[in-house]
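Please walk through this fold with me, from the whole chain down to a single side chain.

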Amino acid sequence: MGSGIIGRAMLQAYRKALENANKTGVAHEAVNNIRRASKTMTEQEARQILGVTEQSTWEEIAQRYDKLFERNATSGSFYLQSKVHRAKECLENVYQKNKQDGTPT
């Protein structure tokens, strides 16, 4: 009997904690941060995957991407192909931002 009361009290406390977290947006923010962190690729990682340097032009990056993407499409793995694609997306964002800021690429 005593364990039933404790169980119900814990369940009520847990529900109240979830309710409070949802009211303040803490739960939603935490989930978004986890998603964002797990999907984000750094510029350095993207350059490493494509095998380009900071001095590489966008044309060199695009050529390297095409070569690696096609190679993995025919005889490679889908995982590596997706990494190559994400690396290109990451660097594309960097180059577009630099272009908007007026920073030379």
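**From chain to helix pair**

In the protein chain, 54% of the contacts with a separation of 6 or more are between residues 24 or more positions apart. Contact means heavy atoms within 4.5 Å. This is a predicted model, where local features need pLDDT of at least 70, side-chain atom pairs count only at pLDDT 80 or more, and totals for chains, interfaces and linings use all residues. Residues are numbered from 1 along each chain as its sequence is written, and side-chain values use heavy atoms, with hydrogens and water left out.

The protein chain has 5 helices and 0 strands. Its pattern along the sequence is α-α-α-α-α. Helices (H or I, at least four residues) and strands (E, at least two) are DSSP runs, numbered from the N terminus. Of the 105 residues in the protein chain, 18% are buried. Buried means under 20% relative accessible area, exposed over 50%, and partly exposed in between, with a 1.4 Å probe and protein chains only.

Start with α3, residues 43-50. Its buried residues are Ala 46, Arg 47 and Leu 50. They lie on the same side of α3, because they cover an arc of only 100° around the axis. That arc is taken over the directions from the helix axis to the C-beta atoms. An α-helix has 3.6 residues a turn, so residues three or four places apart point the same way. Gln 44 and Gln 48 are exposed, on the face of α3 turned away from its buried side. Just after α3, Gly 51 has a positive phi of about 70°.

What do the buried residues of α3 pack against? They pack against α4 (58-75) and α5 (78-101). Arg 47 belongs to α3. It counts as buried because its relative accessibility is 8%. Beyond its neighbours within four places in sequence, Arg 47 contacts Val 52, Thr 53, Glu 54, Ile 61, Leu 91 and Tyr 95.

Now take α4 and α5 together. Their axes come within 9 Å and cross at roughly 165°. That makes α4 roughly antiparallel to α5. Axes are lines fitted to C-alpha atoms, for helices over the stretch in contact, and angles run from 0 to 180 degrees between N-to-C directions. Angles under 35 degrees count as roughly parallel, over 145 as roughly antiparallel, 65 to 115 as roughly perpendicular and the rest as oblique. Residues of α4 that meet α5 include Trp 58, Ile 61 and Phe 69. On the α5 side, Leu 80, Leu 91 and Tyr 95 are among them.
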